[in-house]
Amino acid sequence: MTRVGFIGAGRMGGPMVSRLVEAGHEVRGLARSTESRTALEASGAQAVSTFAEVGADTDLVIICVFTDEQVREVCLGSDLLASMPRGSTLVLHTTGSPRTAEAVTEHAAQFGVAVVDSPVSGGPHDIAAGRLTLFVGGDANTLARIQPTLESYADPVLYVGPIGNGQRVKLVNNALFAAQIGLLAEAVRLGTQLGIDEGDLLAALPYGSSNSRALTSVSAKGSVAAFADSVGDFLRKDVGVVRQVATELDGNLGLLDDAVNAALPNRV
């Protein structure tokens, strides 16, 4: 049994907490509202109200907040890390800047806390099925120690190198995914010109050589616009981060940028 602290038990984090509890781990989650407290307790977790209570006497603390700024607030601007035992581990599931992961790692070292950046690929349904994908950057031995706990909700758990590399891989992944949606938007435009109904086209293409995860996801929603609307907030955030990081490192998205713009016009 692992003693797990959890911050960010929302749309993605909530199912993770449930899977952790079901796997026999002791979970303590941050609750800032009556609603979140009720949800945590209903899943079998203990609800606490401060960062220090989340971190105290834990083996592992998982951060699953929405933005990079929230990660910095929790990890650099609170007493969470100071409250965690020496030898424990902090897991960053939020997609954000590699530099944030590196800054948190440097700050955590003074408290004897290890850090892995582990952004996720998938949705709540993947978590519920135990098949969420994790891209993990950090120390390989640290990952080996905590991987059995992460496998409560994730498979595969992919080690991709030093701290920050989890973020780098995830940002490339999301830029490519958004670009694929843009290509689908263009394919639907072409199909419409050829007299093919979008619904009929999307129902047929997953059986052809053009199939992809983006295509099957769009097909399930029935239209490119409907799928883009359902994931727009997440893609807008992540593509914004990858553009910023690429610029900071003297890179660019190249052709991917044109396809991303086709995916989410006026949204990214």
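Buried means under 20% relative accessible area, exposed means over 50%, and partly exposed lies in between (1.4 Å probe, protein chains only). V224 counts as buried, at 7% relative accessibility.

This is a predicted model: local features need pLDDT of at least 70, side-chain atom pairs count only at pLDDT 80 or more, and totals for chains, interfaces and linings use all residues. Residues are numbered from 1 along each chain as its sequence is written, and side-chain values use heavy atoms, with hydrogens and water left out.

**Around V224**

V224 sits in helix α12 (residues 224–248). Helices (H or I, at least four residues) and strands (E, at least two) are DSSP runs, numbered from the N terminus. Not counting residues up to four places away in sequence, V224 touches I181, L184, A185, V188, E198, L202 and V218. Contact here means heavy atoms within 4.5 Å. L253 is 29 residues from V224 along the chain, and their C-alpha atoms are separated by 22 Å.

The buried residues of α4 are D68, V71, V74 and C75. They cover an arc of only 125° around the axis, so they lie on the same side of α4. That arc is taken from the directions from the helix axis to the C-beta atoms. The face turned away from the buried side carries the exposed residues E69 and E73. The buried residues of α4 pack against β1 (3–7), α3 (51–55), β4 (60–63), α5 (80–83), β5 (89–92) and α6.

The axes of α4 (residues 68–76) and α6 (residues 98–109) come within 10 Å and cross at roughly 5°. The two helices are therefore roughly parallel (angles under 35 degrees). Axes are lines fitted to C-alpha atoms, for helices over the stretch in contact, and angles run from 0 to 180 degrees between N-to-C directions.

**Salt bridges**

The structure holds eleven salt bridges. Each is a side-chain nitrogen of Lys or Arg within 4 Å of a carboxyl oxygen of Asp or Glu. Three of them are listed here.

| Pair | Closest N and O atoms |
|---|---|
| E102 and R168 | 3.1 Å |
| R131 and D126 | 2.9 Å |
| K170 and D238 | 4.0 Å |

K170 lies in helix α9 and D238 in helix α12, so the pair ties together parts that are 68 residues apart in sequence. K170 is buried at 5% relative accessibility, and D238 is buried at 4%. E102 is partly exposed at 32%, as is R168 at 31%. R131 is partly exposed at 45%, whereas D126 is buried at 5%. D126, R131 and R213 are linked in a network of salt bridges.

How values were computed. Angles under 35 degrees count as roughly parallel, over 145 as roughly antiparallel, 65 to 115 as roughly perpendicular and the rest as oblique.
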